[in-house]
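Reader: I'd like to learn how to read salt bridges in a protein model. Can you walk me through some?

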Amino acid sequence: MSWRINKITLRGFKFFYGVKDILVEEQNLLVYGDNGSGKSSIYDAIFRLFQSRSLNANDAKAPLTPPNGELRNLYSAAADECGVAIEFTDSQANPPVAPKVYNLTNVALNTQGDGDTFIKNTISSSDFIDYKNLSSLSDFSAVSSVDMFGKFDEDIFPYAQFRRGYTNPDGSLSPYRLASEWWSHAKSLLAALPKYGGQRRYQFNRHTPEYLYFTNYLVDFCTELQFLCDELGQSATRILHNEFKIKDVEIIFDYDNEFKFNEPTAPHSHHRDHTLHPFKIRMIAKVLNDTLPGGGSLITNPKTFFNEAKLTCMGLALRLAVLHTKFSVGNFASILCVDDLLLSLDMSYRMPVIKYILKLATNYQVCILTHDRSLYTLTQTLIKQNEYDNWKCFSMYSPDPTKITKHRPEPNIVLDEGLLKKAETLISICDYPSAANCLRKFAEHQIKEIIPQNMWYYFDADGNLKNKMLHALWDQTFSEDFLNLYGFRKSDFPNIKIYLDRLMNPLSHDDRDVPIFREELEACIGELKKYQPIIDRKHILVRREDSDSTLFRLQLSHGGNSADITFKACEQWDYFDSPHGKMYKRVEVQTQTVIVTGDVHYQQKIKQPVHKLYSDICYRIKAGAAGVVLPSFDEAISFVATGQRLADI
C-alpha cells in the first residue's frame with residue numbers, strides 16, 4: 001500500500017486561528033514562508049501529533065490546553081478547540097480503503113491505541129529534522145572527546161531502529177525496535193529493581209530474577225547500540241562521499257565495551273555503587289586526504305579542525321544516516337519533514353544536499369520548509385530539471401502589518417502554479433502592470449533554461465559578479481558565443497523583442513504613459529510559450545557538479561591507426577534535439593588517458609572543445625586517406641561507467 005498524508009487540519013494552532021485545511025493530496029510538499037508567516041506551524045503540527053504517541057495523554061494535551069498552552073493561537077477563546085488532525089489516504093489501493101484520521105487536540109487524542117499498528121509504524125518510520133536539532137547535532141565536535149550519549153538520547157534514539165525488538169522476561173521478542181523504546185524500557189526496569197530490606201534498603205538485590213534479567217538486558221542493549229554506532233558511522237560517511245561530494249572525511253564512533261552498572265566502590269570491595277553509569281559514545285573524524293594538514297590522522301575534536309559548513313554537512317549526514325536504520329515500505333506512511341536545514345551552507349554545499357533529499361522522496365513523503373527564497377527557487381528548479389512529479393509548492397507570506405491592529409493576523413498561503421499561470425490570473429483581474437512584471441520574470445526564467453549558467457552573469461566595473469537582466473539575457477541568446485556553442489540560428493528562437501521594449505520593461509518600472517493592451521499581453525504569453533518546446537528538447541549528459549567524476553571515452557580506429565581516449569567535461573554538458581539531429585554543446589573537455597597505435601600521436605591532459613577533439617582524432621586516424629568514413633561524433637563517444645554511446649541515449 002502507498003499511504004500518504006492527504007490533508008492537515010489546524011484548529012487554533014499557533015499562527016492559525018479557527019479551522020484551516022491544508023490539502024496535501026498525497027504529494028510531496030515544498031513550502032516557502034516569510035518569518036512570521038506560519039510556515040513552522042505546519043512543521044510543528046505534524047511533529048506534535050507524531051510525538052504525542054510517546055507521551056502520556058496529559059503531557060501531549062498540555063501545550064494545547066487553556067489558559068496557558070503555548071501552542072494555542074493568541075486570539076483563541078478559552079472554549080475553542082486547539083490542535084491538529086492529519087488524514088492519511090491510499091489512492092492506489094485496490095479495492096479502495098477508507099482514510100485514517102488522527103487527532104491531537106486539547107479534547108481529543110487517538111494516536112495512542114496499543115493495537116493501532118498503522119500509526120505506530122508510521123511514526124517509527126518517519127523523521128523530523130530542523131535547524132535546531134541539526135545545530136545541536138552538528139555541534140557534536142564540542143563534546144565529542146567526552147560523550148555523545150546525551151545527544152544520541154535526544155536527537156537519534158527517537159528515530160533510529162535497532163535490528164530487533166528486546167527480549168521480554170518470558171523469552172518472547174518485543175515488537176519495539178526504536179532505540180528510544182529500548183532505553184525507556186531500561187530506565188523502567190532500573191526503577192523497578194528489587195532492593196534489600198532493613199539497613200540494606202538502598203541496595204539492589206543481586207539475587208533476584210529481575211536483577212539477572214536487567215544485567216542481561218544491558219548486554220543486549222550494548223550490542224545493539226554498538227552495531228547502531230558502526231552502522232551510522234559507515235552510512236554517514238557514504239552520504240558524505242557519494243551524495244555530498246565531501247570525500248576527504250570519514251566519520252567514526254568510539255564507544256564503551258559495556259554498560260557499567262552497580263560497580264564495586266573500590267577494587268576487590270564487596271560494596272556496590274547502585275548506579276547505572278552513562279554509556280560513553282565519542283564521535284571522531286579521519287582526514288582521508290594525505291595532502292591536507294592532518295591528513296591520515298584522527299581528529300578527536302572536529303570543531304577545532306573543520307569549518308562550519310563541513311561540520312554542518314557531517315551532522316546532517318549523520319542525521320540522514322538514521323533513515324537507513326528505518327523500514328520505509330509497508331502498510332503505513334513514511335514521512336520526512338525538514339525545516340530550514342541549510343542556513344549556514346553556500347551554494348556548493350546546498351546543491352548536493354537538496355538533490356539527495358529530493359531522491360529520498362522515492363521512499364518517503366517529503367515535506368521541505370524554508371524561509372530562504374533562493375533555496376526554495378533552487379529546489380523548484382531541481383524538481384523540474386530531474387522531472388520529479390508529485391510535488392506541491394506553496395508560498396506563505398506574513399500578514400499586512402497595518403491590518404494586525406484591526407484584525408487577527410492570518411496566514412496568507414498561495415499555491416505556486418508558476419509565473420505564467422500567475423500572469424494569466426493577473427490579466428483576468430485586469431492587473432496589467434503586475435502581469436507584465438510576472439511575464440518579465442518568466443521570460444528571464446525561460447531564457448536561463450536555454451543558455452548555459454555562466455552566461456547568466458557579468459562582472460561590473462568593480463569586479464563584482466552580477467545577474468544579467470532580461471535585455472542582456474535576450475542579447476546573450478542571439479550572441480555568436482551562444483549560437484556557435486550549439487550550432488543554433490537566430491531564427492530558431494521566438495522573437496520577444498517588441499514585448500521587451502513595449503510591455504515588460506516599461507510596466508516593470510511603472511511607466512503609466514505607455515498604453516497597456518490586454519491583447520498585447522496575451523500575445524506576449526503566446527510567444528513566450530514557444531520557448532517551452534525548445535526547453536523540453538534540452539537534455540543533460542552530465543551536470544556541472546558531477547562533471548569532475550564522470551568520464552567519457554572516445555574510440556576510433558581505421559587500418560593500423562587507433563585512439564582510445566578518456567576525458568571529462570569541464571562544465572555541464574548537454575544537447576538539444578532538433579529535426580536535423582542532436583545539437584551537442586561544444587563543451588570544453590580535459591583528456592585523462594590516451595592510448596594510441598600506428599601513426600596517431602596525441603598529448604595527454606589537453607583542454608579543448610569536444611568537437612575539436614573529435615575532429616582532430618578523426619584527421620589523425622585517416623592519416624590523409626580519402627574516402628574513409630568513421631563513426632559519427634555520438635557513435636564514437638560513450639560513458640566509461642556504463643559503456644552507453646551518446647547515440648543510444
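Predicted model: local features only at pLDDT ≥ 70, side-chain atom pairs only at ≥ 80, totals over all residues.

Reader: Where do Arg440 and Glu444 lie?

Author: Both belong to helix H13 (residues 432-450), and they are 4 residues apart, about one turn of the helix.

Reader: Are Arg440 and Glu444 buried or exposed?

Author: Arg440 is buried, and Glu444 is buried too.

Reader: What does the salt bridge between Asp546 and Lys355 tie together?

Author: Here the general idea is to look at the distance along the sequence. The side chains of Asp546 and Lys355 meet at 3.5 Å, N to O. Asp546 sits in the loop between strand E16 (538-542) and strand E17 (552-558), while Lys355 is in helix H9 (residues 347-359), so this pair ties together parts that are 191 residues apart in sequence. Asp546 and Lys355 are both buried.

Reader: And which parts does the pair Arg164 and Asp220 tie together?

Author: Their side chains make a salt bridge at 3.6 Å, N to O. Arg164 is found in the loop between helix H5 (149-156) and helix H6 (179-191), and Asp220 in helix H7 (residues 209-243), so the pair links parts 56 residues apart in sequence.

Reader: Which residues are linked in a network of salt bridges?

Author: Lys39, Asp339 and Asp340 are linked that way.

Reader: How many salt bridges are there by this rule?

Author: The count comes to 24 salt bridges.

Technical notes:
Residues numbered from 1 in each chain as written. Heavy atoms only, no water. Salt bridge = Lys/Arg side-chain N within 4 Å of Asp/Glu carboxyl O. Helix = DSSP H or I, 4+ residues; strand = E, 2+ residues; numbered from the N terminus. Buried < 20%, exposed > 50% of the residue type's maximum accessible area, 1.4 Å probe, protein only.
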